Amino acid sequence: MDSAQEYILQVQNLSKSFAGVKALDQVQLKVKRGEVHALMGENGAGKSTFMKILIGMHTADSGEIIFEGQPILSKHSHTQAALKKGIAMIHQELLLVPQMTVAQNLFLGKETITWFPWWVNDKRIHQQATALLQKIGLDIDPQKKLKRLRVAEMQMVEIAKAISNEAKIIIMDEPTSAISDKEVETLFSIITDLKKKGVAIIYISHKMDEIFTIADTITVLRDGKYIDTKPASQLNSQTLISMMVGRQLTTVFPQAAHTKGEIMLSVKELHRKHTFSHITFDVHKGEVLGIAGLMGAGRTEVARAICGLDPVDRGEMYVKGKKVRIDSTKEAFAQGIGYVSEDRKGVGLVPGMSVKQNITLASLEKYSKGWFVNETSESAVVSKMIDELRIKTAGLDQPVKYLSGGNQQKVVIGKVLLSSPDIIILDEPTRGIDVGAKAEIYKLIHQLTAKGIAIILISSELPEVLGLSDRILVMAKGRQRAIIPKAEATQEKIMKYAMEQ
Ligand SMILES: Nc1ncnc2c1ncn2[C@@H]1O[C@H](COP(=O)(O)OP(=O)(O)OP(=O)(O)O)[C@@H](O)[C@H]1O
Ligand SMILES: [Mg+2]
């Protein structure tokens, strides 16, 4: 077979800079028909930028892209053109329209049916959507408004949309970052079907186990440069990680023992209708309390209630023994409770504002004298935070929307840290974060507990909860099922409680 037959996509010497920042430097990629090609690299390595060039969302500065034997213009293409050729992308940050229904989103941008009156149209797309969702085994009501779906469901709708476009290459940029294990299974069986039809998948994920389950070939980028391409069967997670970070990474969980102090936060019989009930726990100074549970168990809902984002119907909260009533984030902040939310777009960040503004947002009063913000001291603390968290940004004034996904997450953490809280709730803090940065966040958690901060850690990654927590609270269906001390906690035991009916 000549290479044009074998490879559906060939990219050579592709480069792209953003205002002086070299995001991609002479990268290459060769994707075969019907293969799952994983694109790996640390946060900010250039993966999303590369893919956005392929679909015409960004234009390359130089380089060559050959799709099905034909050069495609990297300079003048746009997303609709890429889609027509058969290149679709499921984005890391969702691009669907929240006010529209699932069906409307699925068929958005397809002109073929617009000359019908709207009610006919609506019925038609509704029928087509039902058929499409059924075909790929998704149990979602096409008439539901998108904003009423869970993040996981939204992600599945994006996937359905790409499939409906009959794409020849589907790019999936962290498609599983917010979906449950069961949905991952569904996605993987969809991918297997697509492969059989000769569709190529470019798959981006920071989850090693997924990569080794699904990928045929792996290409690694580091700091915008091409490192290597290898069959997945020739790599293991150790060798892959060292290709990605360019060094050996040792023990992921620092094994420092925590010294438990006084009770910092006490939650008693917290109850919110239809959401959770009988939530009762203490968190001590210097302790990590993990909260485990399946998707939809109510973990984030409890966190949101504690932080004053959602009201509760019953229950009491005490901070350092004093009874408190927290009904706003401002009040939570005043009581020394910080929240790093799982959804960085919703409550975490203001995308159009700079890294500096976002980090100092919650602590602005500290740096202002009267009406004036003290710029110098503000910049100094922000620079220190950027160094400590190793946030990859062109500068303090870079809008956060231009940062890579993982680096945006670090900005959210930086923002909370700067407000120097006594209690920090971390909700999926390592979602979308690369292995190296994960290790840094784990180290950071230990440094925080050493300073006497109490931490509540919500995570869907069991090894993470097990590795970091002193005690683990397990939730299922809105109820607290057990609190297990570290010494007695095992993966099986946690799962048993998490699956309770
Ligand atoms: N529109 C933009 N303007 C300026 N800089 C940008 C823009 N988009 C990306 N960058 C920069 O390009 C680099 C690569 O970012 P990219 O989003 O491609 O990384 P990534 O590999 O997808 O990372 P992650 O794993 O965190 O998603 C980063 O330094 C980022 O800040
Ligand atoms: Mg990315």
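Reader: Hi! Where is Glu428 found?

Author: Glu428 is found in the loop between β19 (423-427) and α16. Keep in mind that this is a predicted model.

Reader: Thanks. Is Glu428 buried or exposed?

Author: Glu428 is buried, because its relative accessible area is 7% and anything under 20% counts as buried.

Reader: And what about the phi of Glu428?

Author: Glu428 has a positive phi of about 50°, although it is not a glycine. For background, most residues other than glycine have a negative phi.

Reader: Where is the place of Ser459, in terms of β20 and α17?

Author: Ser459 is in the loop between β20 (454-458) and α17 (462-468). Ser459 is buried, with a relative accessible area of 2%.

Reader: Switching to the ligand! Which residues come nearest to ligand 1?

Author: There are 20 residues around ligand 1, and those that come nearest are Gly44, Lys47, Thr49, Ser404 and Gly406.

Reader: How many of the shell residues are nonpolar, polar and charged?

Author: The shell around ligand 1 divides into five nonpolar, 11 polar and four charged residues.

Reader: What is the distance from an oxygen atom of ligand 1 to the side chain of Thr49?

Author: An N or O atom in the side chain of Thr49 is 2.5 Å from an oxygen atom of ligand 1. For Ser404, the distance from a side-chain N or O atom to a ligand 1 oxygen is 2.8 Å. With Tyr402 it is a backbone N or O atom that lies 3.0 Å from an oxygen atom of ligand 1.

Reader: What percentage of ligand 1 does the protein bury?

Author: Ligand 1 exposes 650 Å² when taken alone, and the protein buries 91% of that.

Reader: Why does ligand 1 lie between domain 1 and domain 3?

Author: Because domain 1 (3-245) and domain 3 (350-420) both give residues to the shell around ligand 1.

Reader: Which helix gives the most to that shell?

Author: That is α2, with three residues. Both α2 (47-54) and α15 (405-418) supply at least two residues of the shell around ligand 1.

Reader: Why is α2 largely enclosed by the rest of the structure?

Author: Seven of the eight residues of α2 are buried, so the helix is largely enclosed. The buried ones are Lys47, Ser48, Thr49, Phe50, Met51, Ile53 and Leu54. Just after α2, Gly56 takes a positive phi of about 80°.

Reader: What is Ile204 in contact with?

Author: Apart from neighbours within four places in sequence, Ile204 is in contact with Leu39, Lys47, Met51, Met172, Asp173, Glu174 and Pro175. Ile204 lies in strand β8, residues 200-204, and is buried, with a relative accessible area of 0%. The C-alpha atoms of Ile204 and His37 are separated by 8.6 Å, while the two residues are 167 residues apart along the chain.

Reader: One more helix: what do the buried residues of α9 pack against?

Author: They pack against β3 (36-40), α8 (208-214), β9 (217-222), β10 (225-231) and α16 (435-450). The buried residues of α9 are Leu240, Ile241, Met243, Met244 and Val245. At the start of α9, a side-chain oxygen of Asn236 reaches to within 3.0 Å of the backbone nitrogen of Gln238. Gly246 follows α9 and has a positive phi, near 70°.

Reader: Last one: how many helices and strands does the chain have?

Author: The chain has 18 helices and 22 strands. Of its 501 residues, 52% count as buried.

Notes:
Residues are numbered from 1 along each chain as its sequence is written. Chains are lettered from A and ligands numbered from 1 in the order in which they are written. Side-chain values use heavy atoms; hydrogens and water are left out. A residue is near a molecule or strand if one of its heavy atoms lies within 4 Å of it. A polar contact is a pair of N or O atoms within 3.5 Å; within protein, one must be able to donate a hydrogen and the other to accept it, and residues adjacent in sequence count only if both atoms are side-chain atoms. Accessible areas come from the Shrake-Rupley method with a 1.4 Å probe; for residues, only the protein chains shown count as cover. Helices (H or I, at least four residues) and strands (E, at least two) are DSSP runs, numbered from the N terminus. Ala, Val, Leu, Ile, Met, Phe, Trp, Tyr, Cys and Pro count as nonpolar, Asp, Glu, Lys and Arg as charged, and the others, Gly among them, as polar. Domain bounds come from an automatic or database domain assignment. Buried means under 20% relative accessible area, exposed over 50%, partly exposed in between (1.4 Å probe, protein chains only). Contact means heavy atoms within 4.5 Å.
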